[in-house]
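Good morning, and thank you for joining this meeting. Please take a moment to look at the structure before we go through it together.

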Amino acid sequence: MKKIITILILSTFIYSCDLDIPLEDSISGKDAIDNVDVAREAINKVYFSYPKYQLELSVLADDFLPTYLINHSDYYSTLYSWYALSIRNLSKKIFEDYYQDILNINLVLNSERYIKFKNPDEKKEWEIIKAEAYALKAFLYSDLLFLYSNEYSTSKDNLGIILKNETKLEFLKRNTVDESCKEIERLLKYSKPILKDNFTSKAYITYNAALLIEARLYMYKKEYSNAISSCNKILLNVGEDLINTKEGYKKLWEDGDNLEKIFAQDNYTFFLNSITHDKKLGDYFSINKFIDFDDDDIRNGISNISFPMKENFTTNLVNQNLLGKYRFSVEDTKPKDINVLRLAEVYFILAEAYYRQPNRELSYKYIEKILKARNTQVFPKDDKEMLKKILLEKQKEFVGEGIRFFDLKRCKNELLKDLGNGIKVKISPNDYRWTFPIPRAENRYNNIIQNKNW
Amino acid sequence: MNKIEKFISLFICCNLFIGISFGGNTVNSANVYIKNTNSNSIKRDSLCSYVLKGRIIDKNTKTNLVGVSVSIENTSIGCMSNSKGEFALVLNKGQKIIISCIGYKTKTIKPKKDFILVCLEEKHFKLDEVVVRARTNVNDIDMREKAGAVEIVNIDIQALKPELDISMALQGQVPGLLISQPAELGQKPKIRIRGTASFRKNNSANEPLFVLDGMIISSDAFHTLNIEDISEIKVLKDAAATALYGVKAANGVIEMVSKRGHIGKTQIVYRNKTGITFRGNRGAKMMDSKEKLELERLIQNPALPGYRFSEDYYRRYYSNDPNLKSMIAKGKVKLDSLSNINTDWFKELTRMNLFQSHSLGIRGGTDKSQYYYSVNYSKQGGKVKGNDIERFTGRINLDYSILSNLQVYLNLSGGVSKLNTPNGVSESLTSLIYKLNSYEKKKSNGNKLYSYPTRTYSDLINQYSSESNQKRIESSININWKINKDLDISAVYGMDYTLNENLSIINSNAYSQRNVPDDAKGKISKYKNTDFNYSSNVRAQYLKTIDKHDIAISANTDYYYTAIDNIGIAGHGIASKMKSAAGINQALEDNYKPKISSMKQKYAQVGIGASAAYTFDSLYELYGSYKLDASSLMPKDKRWNKAWSLGLGWNISKYSLLKNLDYISDIKLRASYGRIANISGISASSIFPIYSYEQSVYNGKRLFSLSEYYNTDLKPEQTISTNIGCTFNLFNKLNVNLNLYRNKTVDAIIGVPIPISNGYPQLNRNVGVLENKGYEICLNSKIYDNNNLRIYSSISISYNKNTVLDLYDGDKLYLNENSMIPEYEVGKPIGIIYGLKSLGINSIDGLPRYQDSNGNEFNYKKNIKTEDFRDLGYSTPPYTGFFNNSLSYKSFDLSIDIYFNIGGKAQFSRSFVRRYSDINYNAVKGQTLDMWFKQGDMNKIYHKSRIPAMANDILRWPTNKTIYSTDMLKINNIRLSYRLEKNFLKKNLPFIQYANVNVQLQNILSLRRAEDKASLNGVQQPILMLGLNLTF
């Protein structure tokens, strides 16, 4: 008995103490992305979390007018009036989101050496993923450049963005605007030929998307002929057809393919949730009064929805134009894909670029084409304010899609904000707030050069 | 008043019922061992006999010893000491008595007086001991207590408290142990030993380790323990005491021993606690209807009745209207009717509640085996409707002596608890107390509230409900094997399994669901989390005494394994009347799609340790321990971490010089030093890249992403602790315990901001060195003591101060990009409140004015700089303490526990001061008088209603005028108990050995230097409790 007990007790000293317990619901290690399927899933994360600041940028621009409900949203009321602190907070969120996506891209790109290919198809799939990653990075960089830098110049003092290639902790400095542009061009140059031969899905970055990203960059750099050439390549790919029916235009915001979609982000939440106060009462914003759709305009009732809302607490209900697109009525909260890049922009870029060349003839050709397709009145060919009209039509087409802010900043236009009660505030083209502040965190922990006046 | 009467009568009925049910029980046939205590029952067979009375106390702690056997030498006559350590025996002159108790040295005394005070000394491992001391905790080595800081809690008193949570009963009992009350019933209290050792403030990085019968238990398991089942609690504070537990013990250890059976007749103990929990303080006092309407008028917000129906309004907007007069008259009628409504939302939304607990314990046994069984049921209601907690626990402890040198202890315990929480989705019920206006009513006939313009009262309540269940089962076996007279092996193997279930429902008619499509209204989320722990610990111990040298050497290995498996489902679209996840609408897509979540984690830790102790002539004591632990959570190269300690003890009183002093005795000095690595709070994902799949999809494919930004250079924190202690006894009356300590945390970890361009705003890094130092003074004294009257007091003061000693990256650390003041600065403590010097409200523009360091005045337009800030005080009170007193007179006992803290500051909450934008909510009483409305308003406290948006920035800072002192003196507990006379029991209730009834009042009074204007969450509810203890 004693023997048995002794053995039993002594045996307890021996443990099976293997401490290499594998994780069961996560994957660890630097080689976590080791095959093409996982790489696709990882790049999908980048697409999924591609920053969505279209509404905020539209609020900063002049797409909207605040309604009486604006008092319920400190976030939007302070942003609308360009309150510096509010822009600072927005700037931080944007910076964080963009760089997190860039990190996720770098995690995929830096995993290349761990990826094993079973067959040539997988190798090819990887090349596509890599090309998409490059183009996505270029897209993210270019948005950052437009927001955080001043207008293009090759000067060494003109600071651009931080270019990040590693996944480890680094304390990087800002590159110049010129260096930033060169990097974006390099990334696109790499990805374009691969994407040209391999169409994947409009939920991913395709060749046309890469060209449009490139065209935007050339507009920023004032290289109009390059912009025209990029746009023409897109038109060569998709043909010259445009949507010219109400039904067709509505489909642009619905599931499924559509000829004007270029990059539509797959989305699972109601996009206008943040500007909706209450389905019964209305939104924080209505569409600005000067953005008025004719009855016959195919966009009427789709880009905008008419909704009876009080003008202030005491008055009666008046029909107001609320933003549509992502809903077809105020009751409609079904999530819809977000059109990040679409064909109409190509026409507006062409119109503007030709105008600036200057080539009024061709400029008018493209603006006329798009406006006619939309079944709306076209301004006369000899209009003295043709450029202004082009930009206004562009704003009308893209109302609520955040494009206006970039145009106002790029074209150095004055902005007029209507604060209600007859108070109007002018934001001059030289106002420091057009160029977003580098977040204080970057400044404080990295000692980076801040934008002027912030 | 009616309600109170109802409660009391209910309580009495309840007790009667219990009395009857036990009266009918069969236990009354049990023989009563203690009957010999009664001197009348002894036949006076000799003229020389006399009644000897006495009391037995512990020599070191001076606490009463209960259940000590007192017998007359060479006879079978004897008795046991009662709950106060008292006994009485009839003796013949010249007879000796033998006093014995497990764990104490047996004493034989020849009494010279008829009242004696017996001090029993704890037994230590000596060669000549025959009785094996039950040691159910393998890490509980006596030697370490000589050098380390170990506090023993008097469990008998704590068990009487009306607390469901064992930790709350420990509040204000141990110097240096800080327990803060949670905001809501059912939440875990925060427990800290000697301050916050880490930069990180969360529980996992700062909570002590909990050990029950030698087995490590989770903090969840600790909070649901039944205090009645515990016979001893030790709080280990310094490295010398805790290093044995290795890397888990850096924040101190709370060691518990459960109650066990005893050798002797079966003893049945029944305890009942029934009480009423009152509403407590109001927190902030809110306005009545009249004042609120007046404030609305002055603030001129037309959305609110105070202005909308006022004369001012009509005169401004309808000045030319022919019906102006009748409009004004109608408005006045409306205002009058509103001001007549005075709903007290505090009373409407909170309630008094019942607390009850029943526990039954049965213990007994023979030489070979002993048993202890217990069951406990308790229920406590919270202050808001629908918030309550119910718990049932059970325990079986069996002890077997298999061989004369081999003991086995088996423990099995389990518990079920259920917690209900009702809440608004966006608003908790307690916050509504401060938001609803007193002119609003529960019944509104469909009218919308002014405070919530789009809702009625019923849109605010019954929005959400949550029910949590916890089921726990735990089992362990302890083996104690004495191989020979010098060597013994003890081991503990145990496992516990906890299942936590939660079901929360957002009703489909809830206000938050109004914008949701009809088929997706309502939301149910349900999760089941399981937690399995296995632990084993084997220790071999060698004890040898050679002449004056006592040597103890021990070695151990331990192994811990944890498996967590969680699963959850959440879905929208709840079919009406469905209260389960089965009602989820699975046809929904996109953001209403049902979601499944799952988490599975397994980790293990293995450790090996050794310790040695040496005592010379009971004069010098030397102790050391070393432990190495490896955790599977750490990467291979950082897996092994160590904990070691050294301790010294010096019994000065043993010197003959001091031996003869009358006024001072038992002088003992202790010193210890140790270094413990702390891996708590470091997760695998903070050290190396861990990817996981997200719930969402993109373009029909899954998303694979990094869980956390990792730092491959991260090292565990090291806690270096130094402790110097001294105990002595003055005039045999006053026991003094002094401790000085210094805990240094090296390589302290915190999530620090990094350049955002890295993709993450934060990264866990080793940033610096933090020091906690302080002292603890504890005095225990018997102030008065004679046969009938005894008064005891214990007073303790603890002082803790923390300082940042070093930061590796410069001398300032900003945790927030917007911080004006560094959160951590070398040489400064953590928790300083920085703020501005206020000059009050400017009587001309109604805006606040401040003063900079040069004495210049400035307002919100100034770009404030670091120099403008001043140190306004310290947010954690550095001095805390308690003053606990007990008084016994005949059969009555009275005890009063007082808790205090000094030196802390807090910022007034301005959240109930309303402005134009939030005047729809009720405001704090007195705001109308203290607010600036027009030019010339002097000496106002609150700025004007509408301020420039820019001014909001400066207003968030505390100022010298918004800071108040949190100094507090609180009567934690008053208890009056009455022990039924033995004679009475014998005549009327012969089956009862011991009966005690008591009344307790808890959290009744707190004296503060400044009125607390916080919300209800910080308010502790007073409890009135009646208790009954019966031993059969």
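Predicted model: local features only at pLDDT ≥ 70, side-chain atom pairs only at ≥ 80, totals over all residues.

Helices α6(A) and α7(A) are roughly antiparallel to each other, because their axes cross at roughly 150°, and an angle over 145 degrees counts as roughly antiparallel. Helix α6 covers residues 120–148 of chain A, and helix α7 covers residues 177–197 of chain A. Their axes come within 8 Å, and α6(A) passes α7(A) in a left-handed crossing.

Which residues meet here? On the side of α6(A), they include A:Ile128, A:Ala131, A:Tyr134, A:Ala138, A:Tyr141 and A:Leu145. On the side of α7(A), one finds, among them, A:Val177, A:Ile184, A:Leu187, A:Leu188, A:Ile194 and A:Leu195. Glutamates take part as well, with A:Glu127 in α6(A) and A:Glu183 in α7(A). By class, the contact of α6(A) with α7(A) comprises 14 nonpolar, three polar and three charged residues.

Let us turn to the two chains together. How many residues of chain B are in contact with chain A? There are 58, and they touch 63 residues of chain A. Several strands of chain B supply at least two residues each to this side, including β20 (464–482), β22 (523–546) and β29 (701–706). The strand that gives the most is β24(B), with seven residues. Sorted by class, the side of chain B that touches chain A holds 33 nonpolar, 17 polar and eight charged residues.

The chains are also linked by strand pairing. Strand β1 of chain A, residues 27–28, is joined to β28(B) by two bridges, and these strands run antiparallel. Within β28(B), B:Tyr691 is the residue that stands opposite A:Ile27.

My last topic is a sheet in chain B. Four strands form this open sheet in the order β3-β2-β5-β6, with antiparallel pairing. Which strands lie at the edges? They are β3 (78–80) and β6 (107–109) of chain B, each of which pairs on one side only. Direction ignored, neighbouring strands of this sheet are turned by 20° against each other on average.

Thank you for your attention.

Terms used
Residues numbered from 1 in each chain as written. Chains lettered and ligands numbered in written order. Axes fitted to C-alpha atoms, helices over the stretch in contact; angles between N-to-C directions. Parallel < 35°, antiparallel > 145°, perpendicular 65-115°, else oblique. Left-handed = near helix turned anticlockwise from the far one by under 90°. Contact = placed C-beta atoms within 7 Å. Nonpolar A, V, L, I, M, F, W, Y, C, P; charged D, E, K, R; others polar. Pairing = 2+ DSSP bridges.
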